[in-house]
Amino acid sequence: MPAKKVLQGIGQRLEDERWTVSIFEPQAGPEYVVRIQGPGCNWEYTFFGHEQSPELIRDKVRDATQPRQAHSTAGIYDR
């Protein structure tokens, strides 16, 4: 069960913010479906085969739930 790695991927944000995490394990298939909703995040991913390694699950969740930074376009058209 990938629950521990999913929670590790979200990390400290769990203590300060409200998150909803759902993990589905269909009876008819070997995949895991992870759905995460939280501040600025609405993410779902299906993990198949080799993607089910604990490290990959943790890393994908961490990448998907990182706070998004606004990107400035100032100066890029000044050439």
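In which element is Arg 13 found? Arg 13 is found in helix 2, where helices (H or I, at least four residues) and strands (E, at least two) are DSSP runs numbered from the N terminus. This is a predicted model, in which local features need pLDDT of at least 70 and side-chain atom pairs count only at pLDDT 80 or more, while totals for chains, interfaces and linings use all residues. Residues are numbered from 1 along each chain as its sequence is written, and side-chain values use heavy atoms, with hydrogens and water left out.

**Overall arrangement**

The chain has 3 helices and 3 strands, and from the N terminus on these elements run α-α-β-β-β-α. Of the 79 residues in the chain, buried residues make up 24%; buried means under 20% relative accessible area, exposed means over 50%, and partly exposed lies in between (1.4 Å probe, protein chains only). Among the contacts in the chain with a separation of 6 or more, residues 24 or more positions apart account for 29%, contact meaning heavy atoms within 4.5 Å.

**Helix 1 and its cover**

Helix 1 spans residues 3-10, and Val 6, Gly 9 and Ile 10 are buried in it. Seen down the axis of helix 1, these buried residues fall within an arc of 100 degrees, so they line one face of the helix; the arc is that of the directions from the helix axis to the C-beta atoms. An α-helix has 3.6 residues a turn, so residues three or four places apart point the same way. The cover of the buried residues of helix 1 includes helix 2 (13-16), strand 1 (20-24), strand 2 (32-38) and helix 3 (54-65). Just after helix 1, Gly 11 takes a positive phi of about 70 degrees.

**The crossing of helix 1 and helix 3**

The axes of helix 1 and helix 3 come within 7 Å and cross at roughly 35 degrees, where axes are lines fitted to C-alpha atoms, for helices over the stretch in contact, and angles run from 0 to 180 degrees between N-to-C directions. Helix 1 passes helix 3 in a right-handed crossing, a crossing being right-handed if the near helix is turned clockwise from the far one by less than a right angle, and left-handed if anticlockwise. On the side of helix 1 the contact is made by Lys 5, Val 6, Gln 8, Gly 9 and Ile 10, and on the side of helix 3 by Pro 54, Ile 57, Arg 58, Val 61, Arg 62 and Thr 65. By class, this contact of helix 1 with helix 3 has 5 nonpolar, 3 polar and 3 charged residues (Ala, Val, Leu, Ile, Met, Phe, Trp, Tyr, Cys and Pro count as nonpolar, Asp, Glu, Lys and Arg as charged, and the others, Gly among them, as polar).

Lys 5 of helix 1 touches Pro 54, Ile 57 and Arg 58, not counting residues up to four places away in sequence. Gln 8, which also lies in helix 1, counts as partly exposed at 37% relative accessibility, and Arg 62 of helix 3 counts as partly exposed at 33%.

| Pair | Residues apart along the chain | C-alpha separation |
|---|---|---|
| Lys 5 and Val 61 | 56 residues | 8.4 Å |
| Gln 8 and Val 61 | 53 residues | 8.5 Å |
| Arg 62 and Gly 11 | 51 residues | 7.7 Å |
| Arg 13 and Pro 67 | 54 residues | 9.7 Å |

**Thr 65 and Arg 13**

Thr 65 has its place in helix 3 and is buried, with a relative accessible area of 2%. Leaving aside neighbours within four places in sequence, Thr 65 is in contact with Gly 9, Ile 10, Arg 13, Trp 19, Ile 36 and Cys 41. Arg 13 is likewise buried, with a relative accessible area of 16%, and, with the neighbours within four places again left aside, Arg 13 is in contact with Trp 19, Pro 39, Thr 65, Gln 66 and Pro 67.

**Aromatic rings**

Rings of Phe, Tyr and Trp (its six-membered ring) pair if their centres lie within 6.5 Å, with planes under 30 degrees apart counted as stacked, over 60 as edge-to-face and the rest as tilted. By this rule the count comes to 2 aromatic pairs. Trp 43 and Tyr 45 form a stacked pair, 5.9 Å centre to centre with 5 degrees between the planes. Trp 43 counts as buried at 17% relative accessibility, whereas Tyr 45 counts as partly exposed at 23%. Ring pairs link Trp 43, Tyr 45 and Phe 47 into a cluster.
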